Amino acid sequence: IEAGRRYFNLGRCIVYSDINDGIQINFRKPGFNAGLFAAKTLPHESNIDASVPGYSKNSDRYFYGLGLGYTGIPHQAIYGFVLSQNDFSDEDPIDSQQNYTYNSQYVGIGSKGNIGACWSYWTEMIKQTGSTRIFGTDERKHVRAYAMDAEAVYAPKITSSPRLSLEYAFGSGDSDRVNVTDTQSG
């Protein structure tokens, strides 16, 4: 059990990776591991959504995560995770015409390992769901997005230890979105 201000992350750190205040409980036994955490943004941390009135020093987001891993296959690891992000940030001053709340949930699976003496790989697939409000209206918009990231690395056992890597990433998204973090133009 770990508690306090610390680094929290899930999977390859695509979905969540930050220093927050919280608590984490880890379980480990041969071939299996699990972690459960609850975390909150730091006091006086700026909101990631810069279109929120008073976003500077005013973030109030909570993160709840669960990760599971299996390492019972030699030189391989398989993992999965879920994350819920709940936004309780308030505008300052209050904007009665717009709700800026953005709540999201994530589910991910991945694997990593070695293939022979010189090759390694990792891959992760993610699904995001949630809801937000459309700027200029109070209409709720459902979020549904997908991402995939994979890498293969060739590292021959020779002098100078060279490495050759190839990575491919894909993310679906909203085709008319101008800003990825803000309600306005988002």
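Helices (H or I, at least four residues) and strands (E, at least two) are taken as DSSP runs and numbered from the N terminus. On this basis the protein has 0 helices and 9 strands, and its pattern along the sequence reads β-β-β-β-β-β-β-β-β. The structure is a predicted model, in which local features need pLDDT of at least 70 and side-chain atom pairs count only at pLDDT 80 or more, whereas totals for chains, interfaces and linings use all residues. Residues are numbered from 1 along each chain as its sequence is written, and side-chain values use heavy atoms, with hydrogens and water left out.

Along the principal axes, the C-alpha atoms of the protein fill a box of roughly 60 × 40 × 30 Å. The accessible surface (Shrake-Rupley method, 1.4 Å probe) comes to about 11400 Å², with 57% of it belonging to carbon and sulfur atoms. Of the 186 residues, 33% count as buried, that is, under 20% relative accessible area with a 1.4 Å probe and protein chains only. Among contacts (heavy atoms within 4.5 Å) with a separation of 6 or more, 47% are between residues 24 or more positions apart.

Asp-95 lies in the loop between β5 (76-87) and β6 (103-115). When residues up to four places away in sequence are not counted, Asp-95 touches Pro-53 and Tyr-100. The C-alpha atom of Asp-95 is separated by 32 Å from that of Gly-171, which is 76 residues away along the chain.

Note on methods
Buried means under 20% relative accessible area, exposed over 50%, partly exposed in between (1.4 Å probe, protein chains only).
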